[in-house]
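These are my notebook entries on a single chain. I record below what I looked up, one item at a time.

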Amino acid sequence: MTTIYAVSSGHPPAAIAVLRVSGADAFAVVTALAGSLPPPRMAQLRSLRDPALGALLDQAIILAFPGPATATGEDLVELHLHGGRAVVRAVEAALAADPRTRAAEAGEFTRRALLNGRIDMTEAEGLADLLTAETELQRRAAIQASGGMLRRTIDTLLDDILAVSARAEALLDFSDEADVGDDDAEVALLRTDIAKVAGTLADLVARPTVDRLRDGFRVVLAGPPNSGKSTLINALVDREVAIVSDIAGTTRDRIEAHVVVEGYPITLTDTAGLAEDSSDPIERIGIERAQDAMAQADVLLWLGDEAVPGAHADRVIALHPRADEAGRGGAREGRLSISARTGDGLADLWQRVIAAVADLTPPADSVAMNQRQHALMSDAREALEAASRETDLLLIAEQLRRARLAFDRITGRADVEAMLDALFGRFCIGK
């Protein structure tokens, strides 16, 4: 592959700009600039000169890393330049003039690490999430994935699947030989062991995916007109995002506000009042959009005095709003009394919201999967469950092959070319 280069630190200007060169010709290319390279993994100062003109480009610290024990699996050199824009542009121009090099594409360093076996697909996806992490919970989940926690779990499970697969193939190939044992007893034991592995996968699949930490949680405020939704959303985000008025139907469309609470990214949505009958076509559209928002909510805050709509009863926090107003004091059974004007009950409300969204995320410091990994893990579990029910050895072996293929797709050992561009397009150029 062509030798590539890119700045892997932040955009200039900065105190230092780290420019990486990776590929088979990396050492020769940098030697042409620096005259010589320091010993492997030893930082030394060099004068960088334009190979064509001999002009001094910069005084830089150079580190050389022989492959394959590098981040990319190739020979790799780091140039620690002075971080001015002109310096970086001059060194990049000198590298671009060398026919052995080209500028790296987005995520290409990490892509080469994947192709050269330095990381697998789960670690690459973890790195992509780490680069975009905005909250502490997102960072922790991404660190675990990029550090190989899921890969190690998958390797253990795959070893178990390979063991039962080998036994199934042995029964198929040598069932007529005396040292294999009684076929029926062996098949029964094999099915039992397959079921144990399927049970382990079922436990993993039952956990929530990590995507919600990245995409955020939808908390929707709903209720009849003038129930205090707009006042409450303003109080929850501590700023005025919705118009508050005594006139019913002031909120016609969904209004969203994004907050991060205890590391959880949350989108609060104010909705139009759910009037039972309206002749106003704009208000009817608002009501339809409110109902759509309710259907998509992870947590529904219900502000109506009437019963909570039955379709949402499993993910609702029923409120008794405006508790500070005359005639509305006192507790209501099964409802949390709050006052958006005085702030009473808001801390308790946030505690309940956080508890609800926490149930939608993987347990802390546990193996966490994204949607793609979860779908493939589900395929593997279904294949193993099917194998554990089969009595025909050929069908058992086929289901085991299906499970192994699903695992290979999770780690990137098979069938991944179609998704590589989309994955590494999320990376910055120098990563």
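I looked up the face of α2 turned away from its buried side and found the exposed residues Ala 86 and Arg 89 there. The model is a predicted one, and I read every entry with that in mind.

I then listed the buried residues of α2, which are Val 87, Val 88, Val 91, Ala 94 and Leu 95. Viewed down the axis of α2, these buried residues fall within an arc of 130°, so they line one face of the helix. I noted the general rule beside this entry: an α-helix has 3.6 residues a turn, so residues three or four places apart point the same way.

I checked the span of α2 as well. The helix covers residues 85-96, twelve residues in total, and reaches 16 Å from its first C-alpha to its last. That is close to the 16 Å expected at 1.5 Å a residue.

My next entry concerns Thr 209, which I located in the loop between α7 (183-205) and α8 (211-215). Thr 209 has a relative accessibility of 10%; buried means under 20%, so Thr 209 counts as buried. I found a polar contact of 3.4 Å between its side chain and the side chain of Asp 211. Setting aside neighbours within four places in sequence, I listed Leu 360, Pro 362, Met 369, Asn 370, Gln 371 and His 374 as the residues in contact with Thr 209.

Last, I recorded totals for the chain. I counted 14 helices and twelve strands. Of its 431 residues, 47% count as buried. Among contacts between residues at least 6 apart in sequence, 62% join residues at least 24 apart. The accessible surface comes to about 20,600 Å², and 51% of this belongs to carbon and sulfur atoms.

How values were computed:
Residues numbered from 1 in each chain as written. Predicted model: local features only at pLDDT ≥ 70, side-chain atom pairs only at ≥ 80, totals over all residues. Heavy atoms only, no water. Helix = DSSP H or I, 4+ residues; strand = E, 2+ residues; numbered from the N terminus. Buried < 20%, exposed > 50% of the residue type's maximum accessible area, 1.4 Å probe, protein only. Polar contact = N/O pair within 3.5 Å; in protein donor to acceptor, adjacent residues only side chain to side chain. Contact = heavy atoms within 4.5 Å. Areas by Shrake-Rupley, 256 points an atom, 1.4 Å probe, with all protein chains shown as cover. Expected span 1.5 Å × (residues − 1). Arc of directions from axis to C-beta.
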